[in-house]
Amino acid sequence: MNSSQKKALSMVNLISGMIDVFADAPLNGNPLAVVEGADHLEDDVLRRIAREFNQSETTFILKSDRADWRLRSFTASGAEVFGAGHNALGAWLWLGYDGQLGDLNTPKAFQQEIGNDILSITVEARDGRIHGRMKQSPLKLSAPLTRLDSLSGALGLGIADLLPDPAPRAADTGAAHLMVRARDRQTVDRAEPLAEKLIQVLGPAGAEGCYVYAFETADPTTAYARFFNPAMGLWEDSATGTAAGPLCAYLGSMGLLTNGNKLLIEQGTRMGRQSFLQVRLDPDPELSGSGVVVFRGTLHL
């Protein structure tokens, strides 16, 4: 057997592609790279694949002995991330569009293994699209920040640009992110974080990323947000389900939500990838949305 024959036998072909999550049309929402059949690959190879796709996250759909599927997600920098956000929802939408979840004209429930958690998700066909709604973990809150000067400076804002109620603090329903309320959506758009300074704030706060949001008590059904996660090599994200869930749960725990404890969050607008994330409390956050597969192909290794 010559070297070319040996190389052909050792080649790995993986079904892969990309889906725009929290989007109703291509090139909107949050793009997610998806890879199937990588169960036998080492973590270093998974990280290199994520770097090759160079998206905010790449999710690997793997076999599980605890749930219907096991999902592992990595950023382009190689950091593994957890929680049920666009990284998880996009994987299930991908499977649904490919017919791997069966007939979805009637909603079907599945179980997903993400890190140490087993979380439920319901998938259905709706108006020609695959739609999913999934549960996140119960809310966990860290101690609130008592001073805003370092935080405001790290965000490139003034102290008066941040509101102390609810207090900035890390909220976790699968991944811990710092919830920071800004004065209004214009202030959110003015934020220009300084990576090193923000990392210095996030660590002691017990947070992975930072969710800067505007929320009007006069209209407690919507919020406007941007997400930054320099510690994970993810500068700005266009739709962050692992931050939207904690925000809804945090505001709900403070008694600030009406309309059946639902919250519609607009994110990604300043990036040119407008996204809308719907969250409701039942009693834990349930994140819902659809997406669009923009390409499907084969990854040759």
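Predicted model: local features only at pLDDT ≥ 70, side-chain atom pairs only at ≥ 80, totals over all residues.
## Pockets and cavities

Rolling a probe the size of a water molecule over the atoms shows where empty space is left.

| Space | Volume | Lining by class |
|---|---|---|
| Largest pocket | about 230 Å³ | 5 nonpolar, 9 polar, 1 charged residues |
| Second largest pocket | about 170 Å³ | 6 nonpolar, 1 polar, 5 charged residues |
| Largest cavity | about 110 Å³ | 6 nonpolar, 8 polar, 3 charged residues |
| Second largest cavity | about 40 Å³ | 5 nonpolar, 3 polar, 2 charged residues |

The largest pocket has 15 lining residues, and those nearest its centre are Phe 22, Ala 23, Asp 24, Phe 276 and Ser 290. Two strands, β16 (275–281) and β17 (285–300), are the elements that give two or more residues to this lining.

Phe 276 also belongs to the lining of the second largest pocket, together with Asp 184, Arg 185, Ala 214, Phe 215, Glu 216, Asp 219, Thr 222, Ala 223, Tyr 224, Leu 264 and Glu 266. Here the elements with two or more lining residues are β12 (209–215), β13 (222–229) and β15 (262–267). The largest share, 3 residues, comes from β13.

The largest cavity is lined by 17 residues, of which Glu 57, Val 81, Phe 82, Thr 240 and Thr 242 are the closest to its centre. At least two lining residues come from each of α3 (86–97), β13, β14 (234–237) and α7 (241–253).

Around the second largest cavity stand Leu 71, Arg 72, Ser 73, Glu 80, Val 81, Phe 82, Gly 83, Asn 87, Ala 88 and Ile 114. Val 81 and Phe 82 are in this lining and are also among the residues closest to the centre of the largest cavity. The elements β4 (69–74), β5 (80–81) and α3 each supply at least two residues to the lining of the second largest cavity. Of these, β4 gives the most, with 3 residues.

In soluble globular proteins, nonpolar side chains tend to be buried together. In this model the largest nonpolar core has 48 residues, and the members that touch the most other members are Trp 92, Val 123, Met 179, Tyr 211, Leu 247, Leu 263 and Ile 265. Another core lies apart from it, with 23 residues that include Leu 145, Leu 202, Cys 210 and Ala 214.

Which residues does Tyr 211 touch, not counting those up to four places away in sequence? Its contacts are Leu 178, Met 179, Val 180, Ala 225, Arg 226, Phe 227, Thr 240, Ala 243, Ala 244, Leu 247, Ile 265 and Gln 267. Met 179, Leu 247 and Ile 265, listed here, are also among the core members that touch the most others.

## Cysteines

How many disulfides does the structure hold? It holds 0. The sulfur of Cys 210 has its closest cysteine sulfur in Cys 248, 18 Å away, and a bond is ruled out because that is too far. Cys 248 is likewise in no disulfide, with the sulfur of Cys 210 as the nearest cysteine sulfur. Cys 210 is buried, at a relative accessible area of 0%, and Cys 248 is buried at 0% as well.

Is Ala 205 buried or exposed? Ala 205 counts as buried because its relative accessibility is 9%, which is under the 20% limit. Ala 205 lies in helix α6 (residues 195–205). Beyond residues up to four places away in sequence, Ala 205 touches Ser 142, Leu 145, Ala 170 and Leu 178. Leu 178 is 27 residues from Ala 205 in sequence, with 7.4 Å between their C-alpha atoms.

Pro 144 sits in the loop between β9 (140–141) and α4 (149–154). Its relative accessibility is 39%, so Pro 144 counts as partly exposed. With residues up to four places away in sequence left out, the contacts of Pro 144 are Ala 167, Pro 168 and Arg 169. Pro 144 and His 131 are 13 residues apart in sequence, and their C-alpha atoms are 35 Å apart in space.

Note on methods: Residues numbered from 1 in each chain as written. Heavy atoms only, no water. 1 Å grid on protein atoms, 1.4 Å probe; cavity = no way out; pocket = protein on both sides within 12 Å on 5 of 7 lines; lining within 4 Å. Points joined across faces, edges and corners; volume = space filled by probe spheres on them. Helix = DSSP H or I, 4+ residues; strand = E, 2+ residues; numbered from the N terminus. Nonpolar A, V, L, I, M, F, W, Y, C, P; charged D, E, K, R; others polar. Buried < 20%, exposed > 50% of the residue type's maximum accessible area, 1.4 Å probe, protein only. Contact = heavy atoms within 4.5 Å. Core = buried A, V, L, I, M, F, W, Y, C linked by side-chain atoms within 4.5 Å. Disulfide = S-S within 2.5 Å.
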